[in-house]
Amino acid sequence: MFSHLAGADPPKGCVPVTPPYPFSAVVGLPDLRLALLLTAVSPAIGGVLVRGEKGTAKSTVVRALADLLPEVEVVSGCRFACDPAAPDAGCPDGPHTPGAGFERRRSALVELPVGATEDRVVGTLDLQRALGDGVKAYEPGLLAAAHRGVLYVDEVNLLPDHLVDLLLDAAAMGRAHVERDGVSVKHAARFLLVGTMNPEEGEPRPQLVDRFGLVVGVAAPQEAAPRAEVVRRRLAYEADPAAFAARFLAEDAALAARIVSARARLGAVALPDAELDRIARICLAYRVDGLRADIVVARTGIALAAWHGRTVVTKADVRDAARLALPHRRRRDPLDPPGADRDRLEEVLDQEAGPDDDDPPGGPPPPDDNPPPDGPSDRSDLSDSAPPSSGPERSGPADPPPAPPGQRSPVEPDQSDSLSESDFSEMSEVAAPGQLAFAGLPYKPKLLAIAGRANRQAGAHAGRRSPALSRHGRVVRSRAPIGGKLTSIHVPDTIRAAALRGAGRAEARDVREAVKAGREANLVLFVVDASGSMAARQRMGVVKTAVLSLLRDAYQRRDKVGMISFRGHDASLVLEPTASHEVGVVRLAELRTGGRTPLAAGLRQAARTLHGERRRDARRRPLLVVVTDGRSTSGPDPLSVVPLLAGVPAVVVDCENGPIRLGLARRLAAALEASCIPLTSLGA
């Protein structure tokens, strides 16, 4: 089983592990190690998502798991790793006859890069054979290489939407479907999905998180002794990897043997009705969606019992399984901070607690010379250090009810008031500094997009906002490959080019690349007026609701977001451009109003921010959203700053209301060459 430690080449597409950092050499991280071992025992659990700050050995532990997995028997010569005992009837390399020759391979650890193309993931037409031999052949992708192994996605939260869709389909059906470039192929793709991520870089789609059976959070040790031991072992490994791996070879071999033993015991483990009822009660009390949570907890409990050598699932197994399988399944809003309901889970588990059961009929667990953690720890490092709540939005007063016919809403100005809008603004600037308004329930806003199409097929960030040429989408035309790089072949035009030459077979010079039109993700930079004029007539609550709605829309369209507020005599960057939309929700909730209106300072800060982002990522187009009534009571004329934002696509959301309107926001929009949308018309 461990022959590959001596330096044998791994299968094509796999991560080289010669020599690997030993799994047993990892210091701490008990929950992560246990979750990975349980999914190795029972892949039906559905994989593991590892959340944690940078530099916490997430990738190191995952890659070390590959050396513990049992070898698999595959049909000789099959590129899709078919099991000789039950070969896939639809295997593209088949059909395989019963009793066909087989070979033993180590379980594959296939890494899916964030920047991988769709062709690389699902496979595509074998161009070498198509152009050289005139044969339509299929070249397998990473999903085929990961079959019966591990598919590892580092920075899974940054994975483009089109690749997430492919993973969701394969994980749901256990098969990959390829319909592209004249190729129609279906093949088995059952794999253990493991992802790692840094929550500071944003959250993955809830649909993807739900596909992970277990979610574990990791954090760096907070005591000197374990930190020193981590560094000591790392230095020893770097000095002599082979000698270091040899120190832990026996321990890793024992873990590998225990995985094989637990797998063999898995079918004999009984789940009593009492524990199944307990699982159902816990999931109901925790208010999870659907039944996937119940199934995963049950499978994890069975795997725990098998791992500890028992034949019956106990109450402790159910409790430990719930801690690993449930915390990520209760988020009601994608912008709620993850881990916010962990206290609620502990309350639910405590309600199910009682006197400890006697040893089950299967007997106590056998002695273990190298025990991993018995269960998830009670520490809070199961998730990232997100704030315990999503901010004042969730605890603030609810939206006022709609006004009856003939009456005005409490948040709408009375058109018969004798005071003008400017009167209210001046009073607010002087009398109400530092007020805190609360957002109401978000709504679906209009699509704010950049006009025109980004002409950067290889560089646009995949998303759902602005039109752009991209690596995926609808084919609009073909062209000769640029710089020798080919993203997707346009088969009809390639054949047509060869025919125009009078050739009977296509050559490399005939190849045409498919140009596809889709949508891109943008950087949406909010510039929000937080001056005293926004406090007039409870207008800031309406503004916060609008910005919250736009933040949710940006999350759904996979944009990066940033936020600038201006009040008093200056502007501040309250949210640096980030993919962590939930942080934007918290910053918006903390935004206070009061003081004068330095609109020019807000625009100048926006120009500085966009300039810095352009240097970091020139491929991502910005969209400036200015939320203001256009008034400026502090600093220079805002129009004098507009040239700094020349060429930046922008939208002005006009917050002005009341019986007397000056039209200053429309004037600003005209100077920015931007569209102007009244706040009351922002809803879709």
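**Entry 1. Ground rules**

I noted that this is a predicted model, in which local features need pLDDT of at least 70, side-chain atom pairs count only at pLDDT 80 or more, and totals for chains, interfaces and linings use all residues. Residues are numbered from 1 along each chain as its sequence is written, and side-chain values use heavy atoms, with hydrogens and water left out.

**Entry 2. The whole chain**

I recorded 21 helices and 22 strands in the protein chain. Helices (H or I, at least four residues) and strands (E, at least two) are DSSP runs, numbered from the N terminus. Of the 684 residues, 52% count as buried. I also looked up the contacts, where contact means heavy atoms within 4.5 Å. Among contacts with a separation of 6 or more, 80% come from residues 24 or more positions apart. The protein chain exposes about 30100 Å², of which carbon and sulfur atoms supply 53%. Accessible areas come from the Shrake-Rupley method with a 1.4 Å probe; for residues, only the protein chains shown count as cover.

**Entry 3. Salt bridges**

Side chains of opposite charge can pair when their charged atoms come close. I counted a salt bridge where a side-chain nitrogen of Lys or Arg is within 4 Å of a carboxyl oxygen of Asp or Glu. My search of the whole structure found 27 salt bridges.

I returned to Arg233, whose side chain meets that of Glu229 in a salt bridge at 2.8 Å, N to O. Both residues lie in helix H8 (residues 224-239), 4 residues apart, about one turn of the helix. Glu229 has 23% relative accessibility and so counts as partly exposed.

I then examined Arg79 and Asp93, which form a salt bridge with their closest N and O atoms 2.8 Å apart. Both stand in the loop between strand S2 (72-75) and strand S3 (102-105), 14 residues apart. Arg79, at 42% relative accessibility, is partly exposed, and Asp93, at 26%, is partly exposed.

A further salt bridge joins Asp617 and Arg620, with 3.8 Å between the closest N and O atoms. Asp617 is buried at 19% relative accessibility, and Arg620 is buried at 17%. Elsewhere in my search, salt bridges with shared partners join Arg465, Asp553, Arg557 and Asp559 into one network.

**Entry 4. Pro87**

Which residues are in contact with Pro87, apart from its neighbours within four places in sequence? I found Cys82 and His96. Pro87 lies in the loop between S2 and S3, and its 31% relative accessibility makes it partly exposed. Pro87 and Ala188 are 101 residues apart in sequence, yet their C-alpha atoms are 9.7 Å apart in space.

**Entry 5. A sheet of 6 strands**

Strands of a sheet pair through backbone hydrogen bonds, either parallel or antiparallel. I took two strands as paired if DSSP finds at least two bridges between them. I traced an open sheet of 6 strands in the order S18-S17-S16-S20-S21-S22, with mixed pairing. Strand S18 (570-578) and strand S22 (675-678) are at the edges; each has a single partner strand, so one side of each lacks a neighbour in the sheet. Neighbouring strands are turned by 15° against each other on average, direction ignored.

Within this sheet, strand S16 (residues 523-529) and strand S17 (residues 560-567) pair in the parallel sense over 7 bridges. Asp529 has Phe566 in S17 as its bridge partner.

Helix H20 (residues 599-616) lies across S16, S17, S18 and strand S20 (622-628), at about 30° to S18. Helix H21 (residues 664-672) touches S20, strand S21 (650-654) and S22, and its direction makes about 175° with that of S21.

**Entry 6. Helix H17**

Which residues of helix H17 (residues 491-500) are buried? I listed Asp493, Thr494, Ala497 and Ala498. The face turned away from the buried side carries the exposed residues Ile495, Ala499 and Leu500. After H17 comes Gly502, with a positive phi near 80°.

Terms used. Buried < 20%, exposed > 50% of the residue type's maximum accessible area, 1.4 Å probe, protein only. Axes fitted to C-alpha atoms, helices over the stretch in contact; angles between N-to-C directions.
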